[in-house]
Amino acid sequence: MRTRIVGLAVWISVLAIGLFGVPLAVAVHQYALQAERDELLLLADTIATALSPYVPDSVPLRKIPGPGSVEVGVYDAAGRWLGGAGASGPQPELARALAGGVATGSDNGKLIAAVPVLHEDDVLGAVRVATSRTAVMTRVALVWTGMATLAAVAVGVAWLVGRRQARRLAGPLEELAIAARSLGDGDFSVRTRRGGIHEIDAVGAALDDTAVRLDDLLAREQAFSTDTSHQLRTPLAGLRLRLEAALEQPNRDPRPAIAASLADADRLETTINELLALARDSRRTGPDPVDLSALLEELTPEWRERLALQNRDLRVSFEGSGEEPLGSTAAIRQVLAVLIDNAMTHGAGTVDVTVRDAPDAVAIDVSDEGSGIREPTDVLFARRAERHSGNGIGLPLAHRLAQAEGGRLLLAGRTPPTFTLLLPAAGNPDDHGRARAVGADQQPGAVAVPLHKG
C-alpha cells in the first residue's frame, strides 16, 4: 500500500509537470525568439537612422556600426550592397524592407531582421541584421535547465510528501490489521493507536469496543462456568456419600439408597438445566411472580436432611403480608442453595430462613449461629473469592444472579452471619424497576433494612 501511495503521488506530480511544464517550455522558447527579433529590429532601426545621410549617395561604406556577433548589411534603394555583411541567395526580408515594410525571418540557423532607410516617406535603402540562433537557444536552454531542476525538486517533494502520507495512512491500517489478527487469536487486550485520521480512528474505536465486549463476554462466561461448577459439587458429593454408605452396609436393603440417589440425580439434572437456562438467558418475557412458599416447601426436606447429618436444624418462617417477589424461580433457587450451602459449610447451629416484607421488595434472610464473617465485603462477593479459610466461590455467583433478577444480595450482619436477598415485589408494576435501587446507594455489606426474626 505504501508503494502504491508513493507511486501515485509521483505520477500525479509528473503528470502535472507535463501538463503545465511542456507548454510553458514552448512558450519560453517562443518568447525568447520573439524577444531576439524585437532586439534585432530595434538595432536595425537604430543603424538605419544613423546611416540615412550616406545611403542616398550609394557610396560604399567602410564602417558599419553594430555589436560584435550581429551581422549588419546596408543596401541602397536598388538593392545594391553598400557595406557590412552581405548575403547570398534570395532575401525576402530585404525585399520587404526596400518596399517600405519591416520584416523578420530566419535562414540557415540565423535570425534576420530588415528595416527601410527612410527620408520622410521615401525609401532610400535598407538595413539588414542577422544573428545566430545559438545564442538564443543557449539562453532558452538555461531557462529549460532551471525549469527541469524545479520539476525534479517538485517530484522529490511529491515523493517525500507521498511517503509521509503513506506512512500516516498505512501505519494505522497496518496496526489495525495486527490488532484484528490478535483479536482473532483470542487476545482481547489489544488496543489501537489513534492516528489523527477520523475514518481510520473510527474503525480503531469500533475494534477496541469489540475487543472490550468480547473480553467481557469471555470473562463472564469463564466466571459463570467456574462459579456454577461449585453448585454441582455439593449434590455430586451427597450422591457419592449416599452410595458409599449403601456399599458399606451390604446386608441392608439398597432400594431406599437407590431411590434417594435417583432423587439426587434428578435434582442434579434440574440444577444443570437451570444453570444452562440462566447462562443462555433463555427467558424472552418479563419476570413472573414466584411462589416462595411452594419453593421453600420443595427445598426444605433436602436442606433438613443435609443439616441433620451435622446434627443441626433448619427453621423456615414467614412474616408480613406474604407478597410474592418477581424473578426467575431457577435463579432464586440457586441463590438460596448457595446461601444454605454456605451456612452449612462455614456456619454453625440452627439455620434460619425468614421471608419478610421490605420497602417495595421481598426480603429473604438466611442466618446461622456461627462465629461471624471477617472477610471484607468486596472480597466476599468478588469473582473467585475462594480462600483457604472463608466463604466459598458460590457467593459471587449468587450475588450476580440476584442483580440479574433486579434484586440485591447483601451481607446484612456479620455476627451472627446474616445474608439478605432483596427481590422486587410483584404488587406494583413499577416495583421491578424500583427494586433495583433497593440498597443500590449502600455498600454491599450495609444493612439495607432492619431484621425481624421470630
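**Close-up views of a predicted model**

View 1. At a relative accessibility of 40%, alanine 206 counts as partly exposed, a class that lies between the cut-offs of under 20% for buried and over 50% for exposed. The model shown here, as in the views that follow, is a predicted one. Alanine 206 belongs to helix α4, which comprises residues 198-248. Its C-alpha atom lies 9.9 Å from that of threonine 192, a residue 14 positions away from alanine 206 in sequence.

View 2. Leu15, Leu19 and Phe20 make up a nonpolar patch on the surface, and their accessible area together is about 370 Å². Of these residues, leucine 19 is located in helix α1, and leucine 19 counts as exposed because its relative accessibility is 55%, where the cut-off is over 50%.

**View 3. Aspartate 76 in strand β1.** Aspartate 76 is found in strand β1, which is formed by residues 71-76, and its relative accessible area of 2% makes this residue buried. A polar atom of the aspartate 76 side chain lies 3.0 Å from the backbone nitrogen of alanine 78, while the side chain of aspartate 76 also reaches the backbone nitrogen of glycine 79, at 2.9 Å.

Notes:
Residues are numbered from 1 along each chain as its sequence is written. This is a predicted model: local features need pLDDT of at least 70, side-chain atom pairs count only at pLDDT 80 or more; totals for chains, interfaces and linings use all residues. Side-chain values use heavy atoms; hydrogens and water are left out. Helices (H or I, at least four residues) and strands (E, at least two) are DSSP runs, numbered from the N terminus. Buried means under 20% relative accessible area, exposed over 50%, partly exposed in between (1.4 Å probe, protein chains only). A polar contact is a pair of N or O atoms within 3.5 Å; within protein, one must be able to donate a hydrogen and the other to accept it, and residues adjacent in sequence count only if both atoms are side-chain atoms. Patches are made of residues with over 30% relative accessible area and no salt bridge: like charges are joined within 9 Å, nonpolar side chains (Val, Leu, Ile, Met, Phe, Trp, Tyr) within 5 Å. Accessible areas come from the Shrake-Rupley method with a 1.4 Å probe; for residues, only the protein chains shown count as cover. A salt bridge is a side-chain nitrogen of Lys or Arg within 4 Å of a carboxyl oxygen of Asp or Glu.
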